[in-house]
Amino acid sequence: MSKIDYKLIIERQIMECEELIHKSELCDSDVKAQSFLFQRLEKPRIDVAKSRINNLKEALKRIELDRFGICKTCKKKIPDRDLLSSPERIFCRPCSGYEVKNYEDTV
Ligand SMILES: [Zn+2]
């Protein structure tokens with residue numbers, strides 16, 4: 001996989017997240033506030049989509065900086081199969097116990 005391939009993949013995933021958020025914003029906000037289903041099901045998905053967009057944008061920056069796909073802990077290359085499913089990944093599998101904790105400083 002080349003950097004350009006990953007860039008396209010990441011940009012598409014950002015677009016998908018933005019679409020999800022946009023669709024939700026089209027709903028009436030009063031209906032949303034009162035809707036148990038929205039609070040329970042849709043809102044967590046939107047929140048995930050929003051933070052995912054940030055993480056994906058960080059991944060784009062890492063492509064520009066030539067740091068994409070390198071594990072932050074052991075500095076080894078993260079396998080393509082892992083990057084394809086989640087290009088925002090910053091740790092390889094053996095190191096990924098730290099994945100959630102360290103998501104803040106991704107660049
Ligand atoms: Zn590692």
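In helix α1 of this predicted model, Tyr-6, Ile-10 and Cys-17 are buried (20 or more other C-beta atoms within 10 Å of the residue's own; exposed means 12 or fewer, partly exposed in between, with C-beta atoms placed from the backbone). The cover over the buried residues of α1 includes α3 (36-64) and α4 (80-85). Helices are DSSP runs of H or I with at least four residues, numbered from the N terminus. Helix α1 has 23 residues and spans 33 Å from first to last C-alpha, close to the 33 Å expected at 1.5 Å a residue; the expected span is 1.5 Å times one less than the number of residues.

Residues are numbered from 1 along each chain as its sequence is written. The model is predicted: local features need pLDDT of at least 70, side-chain atom pairs count only at pLDDT 80 or more, and totals for chains, interfaces and linings use all residues.

The loop between α3 and α4 holds Asp-66 and Lys-75. Most residues other than glycine have a negative phi. The two exceptions are tabulated here.

| Residue | Phi | Other C-beta atoms within 10 Å |
|---|---|---|
| Asp-66 | about 65° | 9, exposed |
| Lys-75 | near 65° | 9, exposed |

The C-alpha atoms of Lys-75 and Phe-91 are separated by 8.7 Å, at 16 residues apart along the chain.

The chain averages a pLDDT of 86, and 85% of the residues score at least 70; pLDDT is the predictor's confidence in each residue, from 0 to 100. Confidence is highest in α1 (residues 3-25), at a mean of 93, and lowest in α2 (residues 29-34), at 68. Over residues 101-107, pLDDT stays under 50, and the model has eight contacts for them beyond four places in sequence (a contact is two C-beta atoms, placed from the backbone, within 7 Å). Where pLDDT is low, the predicted coordinates should not be read in detail.

Key:
Helix = DSSP H or I, 4+ residues; strand = E, 2+ residues; numbered from the N terminus.
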